[in-house]
Amino acid sequence: NCEDANPCTADGCEPAKGCTHAVVIGVVCDDGNACTDNDSCSGGLCGGSPKVCDDGEPCTADSCNKTVGCLALPKNSTPCDDNNFCTLSDKCSGGKCASGSPIGCDDANGCTGDSCDAKSGCVHVALDAASCDDGDICTSGDACLGGACKAGAMKDCGASEGGW
């Protein structure tokens, strides 16, 4: 019996030599290593290319175990980016990136409506016609226009108003 249990050899018997084990190339085989792909015979041995175990998740530590294959262990509390422009200080939790604290978008301008868009960040929309105060005591009926407070009608700021 000349069988050597190697799938990368062609076993035979020659009366003058005895057992022969000719190397075969390119035959598909299994090297028994869960960390290799595309196993095939080369030089009488079975082997493959290293398996890529990157799951694309920054919140996991990727590795490979020869028996079970790819592993992705959670990296908790590691800083990450959840790709949401409305959050800061994102951290890994349970192997995924969790949103951090919301950012503040208030621009302290009463003539804009403030909000946040996850894809672009803070948004300030002009609130035209909203009432406002331009800080000039000699105007009344001030109103928002184009996101800024515009002076209203001039008041009589004469002596009766306690003016100059």
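This is a predicted model: local features need pLDDT of at least 70, side-chain atom pairs count only at pLDDT 80 or more; totals for chains, interfaces and linings use all residues.

Guide: Cys-86 lies in the loop between strand S6 (69–74) and strand S7 (87–88), and Cys-116 lies in strand S11 (residues 112–117), so the pair ties together parts that are 30 residues apart in sequence.

Visitor: How far apart are the sulfur atoms of Cys-86 and Cys-116?

Guide: A disulfide is a pair of cysteine sulfur atoms within 2.5 Å. Cys-86 and Cys-116 form such a link, and the distance between their sulfur atoms is 1.9 Å.

Visitor: Which parts of the chain does the pair of Cys-59 and Cys-92 link, and how many residues apart are they?

Guide: Cys-59 is in the loop between strand S4 (45–50) and strand S5 (60–65), whereas Cys-92 is in strand S8 (residues 91–93). The pair therefore links distant parts of the chain, with a separation of 33 residues.

Visitor: What is the handedness of the disulfide of Cys-59 and Cys-92?

Guide: The handedness follows from the torsion about the S-S bond, which is about -75° for Cys-59 and Cys-92. This disulfide is therefore left-handed.

Visitor: Are Cys-59 and Cys-92 buried or exposed?

Guide: The cut-off for a buried residue is under 20% relative accessible area. Cys-59 has 0%, and Cys-92 has 4%. Because of these values, Cys-59 is buried, and Cys-92 likewise counts as buried.

Visitor: Where do Cys-111 and Cys-144 lie, and how many residues apart in sequence are the parts that they tie together?

Guide: A disulfide joins Cys-111 to Cys-144, with 2.0 Å from S to S, and its torsion of -75° makes a left-handed link. Cys-111 lies in the loop between strand S10 (101–102) and S11, and Cys-144 lies in strand S14 (residues 143–145). Both residues are buried. The parts that this pair ties together are apart in sequence by 33 residues.

Visitor: What is the radius of gyration of the protein chain?

Guide: The C-alpha atoms fill a box of roughly 130 × 25 × 20 Å along the principal axes. A compact globule of 164 residues would have a radius of gyration near 15 Å. For the protein chain, the value is 37 Å.

Visitor: What percentage of contacts between residues at least 6 apart in sequence join residues at least 24 apart?

Guide: The secondary structure of the chain comes to 0 helices and 16 strands, and 19% of its 164 residues count as buried. Among contacts between residues at least 6 apart in sequence, the share joining residues at least 24 apart is 17%.

Visitor: How far apart are the C-alpha atoms of Ala-72 and Pro-102?

Guide: Ala-72 lies in strand S6 and touches Asp-55, Thr-60, Ala-61 and Asp-62, not counting residues up to four places away in sequence. Ala-72 and Pro-102 are 30 residues apart along the chain, and their C-alpha atoms are separated by 29 Å.

Visitor: What separates the C-alpha atoms of Pro-7 and Ser-40?

Guide: Pro-7 is placed in the segment before strand S1 (9–14). Leaving aside neighbours within four places in sequence, Pro-7 is in contact with Val-24, Val-27, Cys-29 and Cys-41. Pro-7 and Ser-40 are 33 residues apart along the chain, and the separation of their C-alpha atoms is 9.4 Å.

How values were computed. Residues are numbered from 1 along each chain as its sequence is written. Side-chain values use heavy atoms; hydrogens and water are left out. Helices (H or I, at least four residues) and strands (E, at least two) are DSSP runs, numbered from the N terminus. The radius of gyration is taken over C-alpha atoms; the globule rule is 2.2 Å times the number of residues to the power 0.38. Buried means under 20% relative accessible area, exposed over 50%, partly exposed in between (1.4 Å probe, protein chains only). Contact means heavy atoms within 4.5 Å.
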